[in-house]
Amino acid sequence: MRNVNEAAVIPPARAGLQPDNSRYAKRKKRALKKNIWFGRYVKLSVFSLCFVLAMVLVLVGKTGLSVFATLSPAEFFFSLDWTPEEEHFGAGALIIGTLLLTALTLVIAVPVSVAIAVFLSEIAPNWLKRIYRTMLDILVGIPSVVYGYLGLTVLLPIIRHASGENLGDGLLAASLVLSLMILPTVSRVSDDALTAVPLSYREAAYALGSTRLQAIAKIIVPSAARGILSAVILGMARAIGETMAVVMVIGNTAQLPRDLVTPTAVLTSNIVMQISNVEFDSTWNRALYMMAFLLLLLALALIVLLRAIRSKGESAA
Amino acid sequence: MNNVYSPPVMNSKRHNRTVRALNRLATAGFWLLGSLLMLLILWLLVAILKNGLFRIDFSFLTKVPEELDTGGGIGPVLFNSFYILFLSLVVSIPIGIGAGVYLAEYAPRGKLTEFIRVCVEGLASVPSIVFGLLGIAIFVEGFHIGLTILGGALTLAFLNLPVLTRVTEEAVRAVPQDYRDAAYALGSTKFQCIWRVVLPAALNGIITGVSLTAGRAFGESAVIILTSGLSTSGQIWDFNLLSPGETLAVHLWYVQSEALVPDARDIADKSAAVLVIVVLLINLTFRIPLWLRSRRTR
């Protein structure tokens, strides 16, 4: 599709390049030189991007995996005991914490986001759509540390009051803050997917006498399912990797949460709280790098999944 | 989607009535949810801004933070925020746009291009904390320069790169093929075509993307904590690349969790307000030239 005719770029006179000193020839030569250098430049930029990814994988991966020289993988993955001061490096509780937090966030955020997306694409009048979408875009732009701060100063007192706990930090607070953070992303992407459903589908549904709810539930949402799924995966990737908003409300105690309001910890919060205080050349530090490597692999796996969903959609279409 | 065919023996009138009632109920429900969320968002913005907005004065924006006493300002951290943002954009915009142009205009269809795309998307999904650890591994352990503005800015640039690449690619792809055909018909080289025709036409989208990236980078904290540290050199106009470079977003976290000043809550409130206002302003100011341009060409 974008196969630009390369032949048009090559000047006809190139084959028999004669020493021609006219101004025109000089200009042409310069233009061609620039053309070649620009081509090299864009190639270099794209390879430097791949280089950055390779650097992330190699540097974080190498330091992370070197932890297994002094620590058995079984202890790292399955032990729940993270007390690095006493040489116990079990990341099990943190891994479970991350998975629980992500699951809880999705349980809260996905139904609301999809409902908002349906509201935006099918129900809201045009003027409201415009305002609403702008507001969601503003919400995306608010820094995560501000979300964390709001969670800390506004949400935690409410939770403390409602639960009677004296801290209130924990999975509930963290998942509520995260839900609010991923909500705009998930609903905007789903909104785009729903809006992209052809009008003729809707017309066909209405022509069969369906109500709007029936059209939404049986035609429009199922046809946009793939787009909505990608939105959910994007939100999930963000929830897994989010650090600052979580660290402020989760309590940062490496233990399995008994309930939703006990202080606990996740991979990201544990890394950021401890990394500055440890020697680079210690098992502790390497274990933290291994956690980051785990996060990295999770995020990359989600992207591969996302691409698989999308390419399947293309071949089905 | 199992549409069970309901035979007309069933009371179809009653069925119809239930369906309609459900429909009305659902519409009401969607409206309710929509307005509740809208209120929540508005309340959120008000909560951030009202706590700080009216108490911010010029001295707060320019004074040096205090360690123990009340009345500290955010001068140096605000400066560092802009300085690091500027440096990271200087590094990441040319590369990001170059890579985006490559993907949209140069990349041949094939395995290699697919691989590069996976790299870009993969890089975009890397959690910021992982970039922070990368920054430590490179700048603190590799080059032994400690926690510096330079390390923070470059690590932040890594974080910006994939986003810039993606928005550039999308904007360039959206330029109609006719433009390119016309440029080539006039005998331009590929570079001339991209530089004079395609990029100006895509500028709108690219600038919007850059402004979103800049807003995100301004508020980024996990990366900066790990690579630029939790302190400043104590001077406001410190252009030294090797000074420690706490930024405003980091300061908000630091004041809230570790600082000893008695008015920490007050400073945090004001810092949060400044942070959000600046992010909103960044999104606005980047669009002003665009807006002027579209008025001029009209």
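1. Eight residues of domain 1 of chain A are in contact with eight residues of domain 2 of chain A, where contact means that the C-beta atoms of two residues, placed from the backbone, lie within 7 Å. On the side of domain 1 of chain A that touches domain 2 of chain A, four residues are nonpolar, four are polar and none is charged. Here Ala, Val, Leu, Ile, Met, Phe, Trp, Tyr, Cys and Pro count as nonpolar, Asp, Glu, Lys and Arg as charged, and the others, Gly among them, as polar.

2. The model is predicted, with local features requiring pLDDT of at least 70 and side-chain atom pairs counted only at pLDDT 80 or more, while totals for chains, interfaces and linings use all residues. Residues are numbered from 1 along each chain as its sequence is written, and chains are lettered from A and ligands numbered from 1 in the order in which they are written.

3. In chain A, domain 1 covers 7-68 and domain 2 covers 91-316; such bounds come from an automatic or database domain assignment. The centres of these two domains of chain A, taken over C-alpha atoms, are separated by 39 Å.

4. Chain B is assigned domain 1 (12-54) and domain 2 (59-297). Their C-alpha centres lie 35 Å apart. Five residues of domain 1 of chain B are in contact with six residues of domain 2 of chain B. The side of domain 1 of chain B that touches domain 2 of chain B has three nonpolar residues, two polar and no charged.

5. Chain B has twelve helices and zero strands, both taken as DSSP runs numbered from the N terminus (helices: H or I, at least four residues; strands: E, at least two).

6. The radius of gyration of chain B is 26 Å, whereas a compact globule of 298 residues would have one near 19 Å. This radius is taken over C-alpha atoms, and the globule rule is 2.2 Å times the number of residues to the power 0.38. Along the principal axes, the C-alpha atoms of chain B fill a box of roughly 80 × 60 × 45 Å.

7. In chain B, 46% of the 298 residues count as buried, that is, 20 or more other C-beta atoms lie within 10 Å of the residue's own. Of the contacts in chain B between residues at least 6 apart in sequence, 74% join residues at least 24 apart.

8. Between the chains, the contact takes 70 residues from chain B and 70 residues from chain A. Helix α1 (residues 12-53) of chain B gives the largest share of the chain B side, 15 residues. That side of chain B has 49 nonpolar, 15 polar and six charged residues.

Methods:
Buried ≥ 20, exposed ≤ 12 C-beta atoms within 10 Å, placed from the backbone.
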